[in-house]
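Reader: Could you walk me through how some helices pack in this model, and then show me one of its pockets?

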Amino acid sequence: MRYITLLTVLTLCWFPSFSQQSVDAALKQLNQTIADAPHYDSLKESNIRRIKAGLLASPSVAERFGIYLQLYEEFKAFRYDSAHTYALKLQEVAMQLNNKTLIQQAKLKLCFSLISAGFFKDAADSLNNIRMDFLPDSLRSEFYLLKGRFHYDMADFGSDNNLKTANVDEGNRAMDSALALMQPGSFDYEYYNGLKNIRLRNNEAALAIYNKLLARKGLSYHEIALAASTVSDIYIQRQQYEAAILQLIAATDADIKSSTRETSAAFNLATLLYQQGNVKDASTCIQLATSDAAAYGARQRKVKITDILPLIESEKLSMVKKQERTWITYATVVTFLLIGVILLILTVQRQVKKLKLAQLTITRAHAKEQEINQRLKEANSIKEEYIGYFFNANSEFFDKIEIFKRNLEQKIRDRKFEDIKALSNNINLRAEKNYLLQDFDRIFLKLYPNFIAEFNQLFLREHQIELKEGELMNTDLRIFALIRLGIHDPEKIAHILQYSVNTINTYKTKIKNKSVVPNEEFERKIMSIQAV
């Protein structure tokens, strides 16, 4: 027990910004770091732009491989799709160089991005496609580390216990192979040695390894995050939740400062805070985890996040209910609070009644508005029907005049000149037709004053209609004015305007072909022009 206590104290002292702080103080500092996250991401993006600038200098193929490798390293824990893209570019350049070692190295990078994003089937195929005989020891250790992580992740995200045990065993064998090729004492060696001990349930040895690691000076933010996040698992297993939370706070803080989005620290911290009843900070951390998972593209983490989100919301509701029960208890015990609650209830009831009355008033006003709208709609329909009827009547009258004229001409042919010649000469059908059309133009433009302007908006400037002096509308406009009034039958339009049906169809086709909108949409646009 003394050894465990000593290790706990050493672990909590490893990082100055969190040493000897309470969880509340550490969370306050973490919230500030979360607020500053855009600044750290900006530094990351700036560094990426600096590296990309090297591609503008037309580097050699070998130099491009080095630049793509730098870009991959920048993106591998920051954004999956970009990391995947540069892993593919590494393969392309390695193939151009015909360098078998570089080809296998590029495959390793691609495999890492697939595992990180949760594409386990593709990652398995990629691992199986790597040729070990072309790998130096440094890349062989990387291969075994990837293989180990692959099987550990399969164990973590799988549901079959038998497969889980098999994957852990396979992962441990891969870790043994990797460690045999690594430099003892290096960060990677110590970190993965500790990870293997955790999988072997040898937490004492793992905790000792990580305490020594975290006591080192000069660790990068990413290394701090890895070690702190991993050691938190040991404290969780021991139910030392405060120590675990402090480690996860440190890991999350370091992840943000290193712009690492391929991480589980924020999610694990949210889960632990939720279990400890700190719903507010749990909500902040789960939002961070959700944002990181979405930005990186890690689908397996998205799935895990969806498991806890409803629980946090449910806990919020539970807290509200708990507070309600607490208030009821206090109201029962303390008389003054009881009176206050009663007054509050009465006030709320009055407010509810006022709201109901206001809602009823709004409902009635809305119903009245609907009624007015309906009446307006009916009035518009009446106007359109009346205008249509007006022109139908005038058209029929025009037909009668024409018949009358033909009769007069017949009488002339019969030489009955004295009584009808003067009358016949006074009838001017063209003038009557022009009067009719002018009346139509005037009445229509009174109802639709913006018709010509909106009609012209359907055409390029060179095809817009320009009326002659004294004209209110021309034949092109009248055809579509009748359509706007609801008269769509070409035969009816031809009858009203005294043209043939073919002439009307020719006008319509010519106009529609000049429009900037599709022919099938043209008449719908015309019908959308509003009356006064």
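Reader: At what angle do helix H12 and helix H13 pack?

Author: A helix here is a DSSP run of H or I with at least four residues, numbered from the N terminus. Axes are lines fitted to C-alpha atoms over the stretch in contact, and angles run from 0 to 180 degrees between N-to-C directions. For H12 (residues 221–237) and H13 (residues 241–257), the axes are 8 Å apart and the angle is about 160°.

Author: Quick note: this is a predicted model, where local features need pLDDT of at least 70, side-chain atom pairs count only at pLDDT 80 or more, and totals for chains, interfaces and linings use all residues. Residues are numbered from 1 along each chain as its sequence is written, and side-chain values use heavy atoms, with hydrogens and water left out.

Reader: Are H12 and H13 roughly parallel or antiparallel to each other?

Author: Angles under 35 degrees count as roughly parallel, over 145 as roughly antiparallel, 65 to 115 as roughly perpendicular and the rest as oblique. The pair packs at about 160°. H12 and H13 are therefore roughly antiparallel.

Reader: By class, which residues make up the contact of H12 with H13?

Author: Contact means heavy atoms within 4.5 Å. Residues of H12 including Tyr221 and Ile224 meet residues of H13, among them Tyr241 and Ala243. Ala, Val, Leu, Ile, Met, Phe, Trp, Tyr, Cys and Pro count as nonpolar, Asp, Glu, Lys and Arg as charged, and the others, Gly among them, as polar. The tally for this contact is 14 nonpolar, 3 polar and 2 charged residues.

Reader: How many charged residues are in the contact of H11 with H12?

Author: The axes of H11 (residues 203–214) and H12 come within 10 Å and cross at roughly 145°. On the H11 side, Leu207 and Tyr210 are among the residues that meet H12. The contact has 10 nonpolar residues, 3 polar ones, and charged residues: none.

Reader: How are H3 and H4 arranged relative to each other?

Author: Their axes come within 10 Å and cross at roughly 170°. Lys44 and Asn47 are among the H3 residues in this contact, and Glu74 is one of those from H4. H3 and H4 are therefore roughly antiparallel.

Reader: Which helix gives the largest share of the lining of the second largest pocket?

Author: The residues closest to the centre of this pocket include Lys44 and Glu74. H3 (37–53) and H4 (61–75) each supply at least two residues of the lining. The largest share, 4 residues, comes from H3.

Conventions:
On a 1 Å grid over the protein atoms alone, a cavity is a set of points where a 1.4 Å probe fits but cannot get out, and a pocket is an open set with protein on both sides within 12 Å along at least five of seven lines; lining residues have an atom within 4 Å of a point.
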